[in-house]
Structure formats: C-alpha cells, structure tokens
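Biologist: I am new to this one. Please walk me through how to read its features.

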Amino acid sequence: MPHLDFTLPHWAYWVGLIVFPIVAAALARRPKPKERRYSLVLGYFVLITGGILGLHRLYLKSLLGLVYIPVFICILFANAQGQDARSTVSDMSNLVRQAERTLSREGDRVTAAEADLPALRAELAEVEEGSIRERRAQRNVDRAEQRIEQGRERLAEAEAGLETARPAVEKAVADLNFWADFAKYAFWVLMAGVVIDAVLLPGLVRRANAQIPPEPELTEVEKALKKMEAEERQEDSRFVSTGWTGKIDQLSLFCGEFVSYWAVIAVIVYYFEVMGRYVFNSPTNWAHEAMYLMFGMQYLIAGAYAALTEAHVRVDIFYAPLSRRRKAVVDLLTSVFFFIFAATLLGTSYIFAFDAIAVPSGNSVISDWARGELSFGEMVAGLNLGQWTDPSIRWGEISFNEWEVPLWPMKWVMVVGGLLLLLQGISKFAQDLRRVMDKA
C-alpha cells in the first residue's frame, strides 16, 4: 500500500480556519434552486473525499457504488491481517535475536568452563584432604560443573527456540508480503474505478438529473402546513437588539456563525485521519491536536453567541413564568456574577497569552520584548521578514509533539473570547436596563 507522508503546515492550518468559514458562509447564503438538481461540483467533491467508498455513485443514486464497498472492506481486512503479521514478525525476530545471543554467549562460557574443568579437578586431587584448600578447590569444581550444566540447558532451549522461531518468521514475512500485495492491488482497483468515474461523472450527473421525477403539486393542506413551518422557523437574527447594543449583538452573531463552520473542518480532518490510519497505514501526528485546539478556540469564541441566543444551561423553574420586565430585573441582579466571571476570564487569559509569547523557544525579538529584555522600540526596530519566515526562529510557546504548532495564538483567542463575552454581557445589561425603565 502507498503511504501518506503528509504533515499539515502551520500556515495552512490557520489559513484553513479563516478561509473555509468565509467560503462556506458564501455557499450557504446562495439562493436555493427551486428544483432539486444534482451538482457536478458536489459530485467531484464527493469523488475526491469518498471516491474509494463509492460515495459519488451513491450520491447519484447509482447502485454501482455498492461495488466499491466490498473491495474497500477487503483493503481493511488485508491491512488488519498485515498488522498481525507485522507484529508476529517483530516478536519472532526478537526471539531469534535473543536465541542467537544466548548461543553465542553461553557457548563461549561452556567452552571456557569445559577447558578449565580438568585443571580444577587436578588441583583438587593434589591438595591435602580435609584442608581449607580442598574445600576451596571443591567449590571451584562444583561451580564449573554447574556452569557447564546450566549453559548446556540454555543452549538446548535456545536451539529449540530457533527451530520454532525461524520458520515462524519466514511464514509471517510471507503473510505480510501477501497481505501487503493484496491490499495494494485492491487499492489500485479502486483507484482505477475512481479515475474512470472522474471522466464519466459529467455524463452521470446529466443522466441522474434527467431521471429526477417531477415534483408533485402540493395540496392546499400541505401548502398551509409548509407556510406554518416557515413562520415558526425562527432565525438567530431575532436576538439582535436595536441601537448601539445591536452592533455588539451582530458581532457575537457573526463570530458564532463563523466558528460553527469549523465543525465541518473537523469532519474532513478526522475522515482523513481514519483513512490514513486504516487504509494507508499512515497515522498522522497532527490531526488530533489540530482539532482539539480548534474546538477549544471554537468554544471560547462561541461563548458570546451562546449568551446572545440564551443557549447556556440554566434552571427555568422560577425564571420562565416571569414577565419580560421581571426577567430583566432578575438578570440585572444576577449580572454581577456574570461580570465577575467574564472579567476573570479576560484578565487571566491575557496573562496566559502574554506568558505564551514570552516563552524563549527561538531567537525572536518579540519573545525578548515580552520577557522585558527589549523595549517596545527596540523590538519594532528588530522586526524583519526573517523573524517571520526563518524556520530557525521560533517565538512563543509551541506544542511538545512532533507537529510543534505554536500555542500562543490559541492563548490569544482566549483573550478574544473573553472580550466578546464581556461585550455581550454589557449589551445584555443595557437591554435589561432598558426593559426595566420601560413602563409599558
């Protein structure tokens, strides 16, 4: 099987987090077609991301997509068998090496002991009976005989182990090569099908669109039900207030919508990780870390959106029956706890973020300035293109795994999230105050 030796560049990670939501939001805002049609662009997207599963065929309602699935299962099975064979090769090879070392080590010891034994016995025969020298000589003879006996037992065990391990290694190597070739050929069969379908896809989309049955005309009851559903469907924009607080609400709404598209990125990245691990035997060293860092930033930035749309969990037993004005009074009285939390989050996040920049992970003037070793003017004067492009210059805190992604941007996102939450709290406070002052 071919391997996927791909590591996501740091710049691509950040560009993806910024560009993908913009493109996704633009696509989501496109006017929906009146008639359901299959899209050639979406067909190619499904072909690229799930072609070896036949998902592009299934998207076009073609049963030939089911042909891809058993071949794909064969690849997974072959890879699983190959991993077992690889483990067997490793275990048996270790046994062979241990047995060979035992034969070499114990063989020399037994040979040396056998060579010394006649002289030790001669020495025992010459010493005076009952003397201390006799006991010492007898002990030397016993040790030599014991060493020879134990060495021969270990040699016999090592030879028996070699007789078992060597054939096992040969068989495991043969199995490993067989399953590797099996998975490789099955993969190329799938890829051949994907290439052929890439050429046929425009025609397949046209044929699928031609086979779409006309939509039946809705009855009066169905039209009324559809109209009722449209009226009941509420958009998040209803939470946006008027006046200057509306600007803050719109900012929270935009940030929440922006980071919501990151969930789609997670689906794509984890799909790549699963395929790389179980199909290409190439697990990544960046997918999991990239996604849990992304979800942490999403959680922080979306806090203001959750506060705007009242998505946070709370006990509504006594709160829900109250009128809007009384709810506003309760919110004003309890807002002190919110502002304590928001201010603490913002303050501690700023400390964490600044400390992250100050970590001396490279020859960076920014880190030197954050640690107080340079003034702000000296830092600005020392900035150049090399400070941003030279790989030998790293500034700020980085992760400890092989990917070594900078962590200081995530720490500064904590500051942004705390600031957004505090602003949204101010907007909510002003709106509640406005309701209390309104006598209507």
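Modeller: Start with aromatic pairs. Rings of Phe, Tyr and Trp (its six-membered ring) pair if their centres lie within 6.5 Å; planes under 30 degrees apart count as stacked, over 60 as edge-to-face and the rest as tilted. By this rule there are 21 aromatic pairs. One is edge-to-face: F187 and F280, at 5.2 Å centre to centre with 80° between the planes.

Biologist: Before we go on, what are the ground rules?

Modeller: This is a predicted model: local features need pLDDT of at least 70, side-chain atom pairs count only at pLDDT 80 or more, and totals for chains, interfaces and linings use all residues. Residues are numbered from 1 along each chain as its sequence is written, and side-chain values use heavy atoms, with hydrogens and water left out.

Biologist: Is F187 buried or exposed?

Modeller: Buried means under 20% relative accessible area, exposed over 50%, partly exposed in between (1.4 Å probe, protein chains only). F187 has a relative accessible area of 5%, so F187 is buried. F280 is buried too, at 10%.

Biologist: Why does the pair of Y350 and W412 count as edge-to-face?

Modeller: Because the planes of the two rings stand at 85°, with the centres 5.8 Å apart. Y350 is in helix 11 (residues 324-358) and W412 in helix 15 (residues 408-437), so this pair ties together parts that are 62 residues apart in sequence. Y350 is partly exposed at 42% relative accessibility. W412 is partly exposed at 25%.

Biologist: Which rings are linked into a cluster?

Modeller: Ring pairs join F6, Y13, W14, F272, W286 and W403. Remember Y13.

Biologist: How do I read a core?

Modeller: A nonpolar core is a set of buried Ala, Val, Leu, Ile, Met, Phe, Trp, Tyr and Cys residues joined through side-chain atoms within 4.5 Å. The largest one here has 26 residues. Y13, W262, M291 and M294 have the most contacts inside it. Helix 1, helix 7 (244-260), helix 8, helix 9 and helix 15 each supply at least two of its residues. Helix 9 gives the most, with seven.

Biologist: What does Y13 touch?

Modeller: A contact means heavy atoms within 4.5 Å. Leaving out residues up to four places away in sequence, Y13 touches L8, A290, M291, L293, M294, M297, W403 and M410. There is also a second, separate core of 13 residues, and Y68, F72, I75 and V279 are among them.

Biologist: How many salt bridges are there?

Modeller: A salt bridge is a side-chain nitrogen of Lys or Arg within 4 Å of a carboxyl oxygen of Asp or Glu. The count comes to 17. Take D197 and R57, which meet at 2.8 Å, N to O. D197 lies in helix 5 and R57 in helix 3 (residues 55-59), so the bridge ties together parts 140 residues apart in sequence. Both residues are buried.

Biologist: What separates K184 and D181?

Modeller: About one helical turn, because they are three residues apart in helix 5. K184 is partly exposed, with a relative accessible area of 27%. D181 is partly exposed as well, at 32%.

Biologist: Is E373 buried or exposed?

Modeller: E373 counts as exposed, at 52% relative accessibility. E373 forms a salt bridge with R371, the closest N and O atoms being 3.2 Å apart. R371 is partly exposed at 29%. Elsewhere, salt bridges that share partners join R105, E106, R109 and R154 into one network.

Biologist: And what does D331 touch?

Modeller: Y319, K428 and D432, again not counting residues up to four places away in sequence. D331 lies in helix 11. With a relative accessible area of 16%, D331 is buried.

Note on methods
Helix = DSSP H or I, 4+ residues; strand = E, 2+ residues; numbered from the N terminus.
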